[in-house]
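My notes are below the view.

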Amino acid sequence: MAPSDDDLHDRDEHLDREQAEPTRPRPTAPIAIRAVVRGKVQGVGFRDATVGRARELELMGWVRNDDDGALRVHAEGPVHAVAELTDFLRNGPPHARVEEAAIDTVTVEGHEQFAVRGVSAGVFVVQEHAASAHHFDLRLELDGVMRSWAIPKGPSLDPAVKRLAVEVADHAMAHNRFEGKLEAGAVIVWDRGSYEQGGRVAWPQALTRGHAVFVLHGEKLRGGFALQRTRPGNKAQWLLIKRRDEYAQPGSDIVAERPCSVLSGRRLDELDA
Ligand code: MN
């Protein structure tokens, strides 16, 4: 519902004279573009320069160096700022040579940062743990510790499967290599690798808000995943969901198909015997 005149007057009382001037320009709706820039565009500081320019212009979105040699950019914000970034992308920084810049107008996605995509944010590990209740521990490196979730049924590569993930205490990074018998049950390193942070919101804010998107580069787990918090508080409950991408395996059961440690080749039951 549009605010009434009374509402507007009430608000104006809180503004200084200049801001309350009725002829002040109204902010225009943001627009968004996707750009694919080809040529000599990687290894020439283009990505970092794009980040710098976009942040100066207070644009939101992301930039990534893709495997096909192209630089890809999503940018959203005021028309004039997007136009300035577009001009920059058509030329690039001094050592770049742009052969083609394909720019499409796309839907505004509501990004709250200008991120670099496709770069490692740290390591991840999944440890299978024969505790009183058998589970898998997913751990993501963040600010020097391993943020951890206990997943009773383990991760899945099937996007139709949502796995309960209970937030548990941070672990030290030194524990990532641990495999063996503990008083609390045997542990194997079921998978490990690096991960990328994704999403529209910067980490760790994404976790604080309860929706975090990330890409795993493991031996068994690959591609995009989302952690969605469903119940906050102590031992918060989340769902771990595989995103639909080329690494998704509908109908698969990776936990059953690949039971062995990526460190030793041993299965948890062999270790626990
Ligand atoms: Mn555990």
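Predicted model: local features only at pLDDT ≥ 70, side-chain atom pairs only at ≥ 80, totals over all residues.

I number residues from 1 along each chain as its sequence is written.

**Sheet.** I found 5 strands in an open sheet, in the order β4-β1-β3-β2-β5, with mixed pairing. The edge strands, β4 (97-106) and β5 (114-117), each pair on one side only. On average, neighbouring strands here are turned by 15° against each other, direction ignored. Strands are DSSP runs of E, at least two residues; helices are runs of H or I, at least four; both are numbered from the N terminus. Two strands pair if DSSP finds at least two bridges between them.

**One pair.** I looked at β2 (residues 60-65) and β3 (residues 71-77), which pair in the antiparallel sense over 6 bridges. W62 stands opposite H74 in β3.

**Backbone.** Which residues does a cis peptide bond join? I found W203 and P204, with omega about 0°. P204 is in the loop between β11 (185-197) and α5 (205-209).

D143 is not glycine, yet its phi is positive, near 50°. I placed D143 in the loop between β7 (135-142) and β8 (145-151). Is D143 buried or exposed? D143 counts as exposed because it has 9 C-beta neighbours inside 10 Å. The cut-offs, with C-beta atoms placed from the backbone, are 20 or more others within 10 Å for buried, 12 or fewer for exposed, and partly exposed in between.

K235 also has a positive phi near 50°. K235 lies in the loop between β13 (222-231) and β14 (237-242).

Notes:
Axes fitted to C-alpha atoms, helices over the stretch in contact; angles between N-to-C directions.
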